[in-house]
Amino acid sequence: MKKYFVTALGVLLLLCCGGCGGPKTEQAKNIDTAMGTVIQQSVYATENAEAAVSDISEILRRLEEDELSRRLDTAELYAINSAAGEDAGIEVSEEMSQLLDRCLDVWRESDGALDITIGGVVGLWDIDSWAGEGKDAAFMPPTDEELQAALAACGGDKLRKQERMLFLPEGMQIDLGAVGKGIALDRILAYLGKHENVTGAIFSVGGSILTYGQKPDGSCWRVGVTDPADTAANIGTLKLEGQWCVSTSGDYERYVEVDGVRYHHIIDPATGCPADSGVAGVTILSRDGFLSDALSTACFILGAERGIPLAEHYGAEALFVGKDGSIIMTDGMREYFEGSRAR
Ligand code: AMP
Ligand code: MG
C-alpha cells in the first residue's frame, strides 16, 4: 500500500509560562504530508500537545486511506467507484451517506457547479498528475469528443441514492477532491471537541485553514489571503477569533500552461473545461470545514455575482479576487478582512 505519510519534520515542544505562575501551556508544531498535500499543525495545550498533534496526523492518514482516496483500494470511495455500472449498487457507511447528501445539496444549490460526479472529466484532464504549478509544453487538452463522452457519465441527477444504497451509472467516477480538505478540518474539530487540554490551535490542510480557541497571548489568529497574481504575497489578512474554517480555491493552485494558456484544476461541469468566470481566487470563511471547501470550489466556478448569494445561503462569507485584481466580498467578510484594495 502506498504510504502517504512522510516522516514528520519534527515535533517542536515548547513550555510557556512554566515558571511565571500562569497556567502551563505547551506548544507542539508539525509539518506532514497527507491526503496528497501539506499538513501544518500548531497546537497549544495544558498538557499532551505532542500527543494531540500525532493523533491528528493519524486521523488524517486514516481519512485518506479508509475513506476518501480514489486511488487506494483500502478506501471506501475506491469501492464506490469500482461499483459503477453494477445494477446491485453499493451500500455505503452512514458517514459517507451523510457526506454525499451534503455534496448533493450544494450541487443543487449551486446549479450544478459543485459536482462530485465529475471524476471522469478530472481524469481526462489528468489533473492528479499536475504537480502543483507548472508548465508543460507537451500537455494536450482533451478533444471535444472526449469531453462530451466523459460529461455524459457526469451529473448529480444521474447518481441514484436511496438512503445508504448508492447506484452509479457505468463510467461515473466520484471525486471528493473539492471537499476533502474541508472534511479533514471537520474531523480535526471533532477531535478537539473531545480534548479539553487543547486551548488553541491552527491547522493548514493543503491551504484550508482551521483556527480554534485562543493563543496564549490572547491575540487574534491571522490568516493571509494569497494574491493570485503574485502567490508569494497576500492581498490581505483575515483576523479571526476562536473557531473558523478558511478555504481558498484558485487558478494558481494546480495548473499547466501551454503557449501562454493556463489550464487549471477547477472544472466547470457545464463545459467540462477549466472554469472561466473571471475569478482568479475565492476565499470562504465558515464555521464548518465541509462548507468552506465545497463553497470555495462552487463560488470559483459561479463567479461573484452568483457565488455571493450561494455563500450567504449557507451563512458563509466569501471574498473573490478577479483576474483583473478586483476584490469583491460579502458584507460580513468586511468585519474580518484587512487589506488595501477592498471594494
Ligand atoms: P478545490 O481546490 O477545493 O477547489 O478543489 C478542486 C478539486 O476538486 C480538483 O482538483 C478536482 O479533483 C475536483 N473538482 C474540479 N472541478 C470540480 C467540480 N466542478 N465539482 C467538484 N469537484 C471538482
Ligand atoms: Mg474546495
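This is a predicted model: local features need pLDDT of at least 70, side-chain atom pairs count only at pLDDT 80 or more; totals for chains, interfaces and linings use all residues.
For these notes, a polar contact is a pair of N or O atoms within 3.5 Å, and inside the protein one atom must be able to donate a hydrogen and the other to accept it.

**Entry: T283 and its strand**

With that cut-off in hand, I started at T283, which sits in strand β16 (residues 279-286). I found its side chain in a polar contact with the side chain of T248, at 2.9 Å. Is T283 buried or exposed? Its relative accessibility is 2%, so I noted T283 as buried. I then listed what T283 touches, skipping residues up to four places away in sequence: V225, L238, V246, S247, T248, E317, A318, L319 and M333.

Leaving out neighbours within four places in sequence, I see E317 in contact with T283, I284, L285, T330, G332 and M333. Which backbone atom does the side chain of E317 reach? I found the backbone nitrogen of M333, at 3.3 Å. I also checked E317 against M329: they are 12 residues apart along the chain, and their C-alpha atoms are separated by 7.6 Å.

Next I turned to ligand 1. I count 19 residues around ligand 1, and D115, D175, S249, I267 and T297 come nearest. By class, the shell divides into 10 nonpolar, 4 polar and 5 charged residues. Which helix gives the largest share of the shell? I get helix α7 (residues 289-313), with 3 residues.

I then looked at oxygen atoms of ligand 1 and their polar neighbours. For T297, an N or O atom in the side chain is 2.7 Å from a ligand oxygen. For D293, a polar side-chain atom lies 3.0 Å from an oxygen of the ligand. For A178 the backbone is involved, with a polar atom 3.2 Å from a ligand oxygen. How much of the ligand does the protein cover? On its own, ligand 1 has 510 Å² of accessible area, and the protein covers 96% of that.

A311 has 0% relative accessibility, so I put it down as buried. Apart from residues up to four places away in sequence, A311 touches L295, A316 and A318.

A52 is among the buried residues of α1, along with V53, I56, L60 and others. Does the length of α1 agree or disagree with what a helix should span? The 20 residues of α1 (residues 49-68) should span 28 Å at 1.5 Å a residue, and I find 27 Å between the end C-alpha atoms, so the two agree. The buried residues of α1 pack against β2 (25-34), β3 (37-45), α2 (76-82), α3 (94-109), α6 (180-193) and β7 (198-205).

I moved on to α6, which has 14 residues and reaches 20 Å from its first C-alpha to its last, close to the 20 Å expected. In α6, I listed G180, G182, I183, A184, L185, I188, L189, Y191 and L192 as buried. These pack against α1, α3, β7, β8 (208-213), β11 (244-250) and α7. A reminder to myself: an α-helix has 3.6 residues a turn, so residues three or four places apart point the same way.

**Entry: positive phi values**

I found a positive phi of about 65° at D126, although D126 is not a glycine. D126 is in the loop between α4 (119-125) and α5 (144-151), and is partly exposed at 40% relative accessible area. E163, also not a glycine, has a positive phi near 50°. Its place is the loop between β5 (160-162) and β6 (165-167). Is E163 buried or exposed? With a relative accessible area of 72%, I count E163 as exposed.

**Entry: G339**

Last, I looked up G339, in strand β19 (residues 337-339). It is partly exposed, with a relative accessible area of 38%. Beyond residues up to four places away in sequence, G339 touches I235 and G236. The C-alpha atoms of G339 and D87 are separated by 54 Å, and the two are 252 residues apart along the chain.

Notes. Residues are numbered from 1 along each chain as its sequence is written. Chains are lettered from A and ligands numbered from 1 in the order in which they are written. Side-chain values use heavy atoms; hydrogens and water are left out. A residue is near a molecule or strand if one of its heavy atoms lies within 4 Å of it. Accessible areas come from the Shrake-Rupley method with a 1.4 Å probe; for residues, only the protein chains shown count as cover. Helices (H or I, at least four residues) and strands (E, at least two) are DSSP runs, numbered from the N terminus. Ala, Val, Leu, Ile, Met, Phe, Trp, Tyr, Cys and Pro count as nonpolar, Asp, Glu, Lys and Arg as charged, and the others, Gly among them, as polar. The expected span of a helix is 1.5 Å times one less than its number of residues. Buried means under 20% relative accessible area, exposed over 50%, partly exposed in between (1.4 Å probe, protein chains only). Contact means heavy atoms within 4.5 Å.
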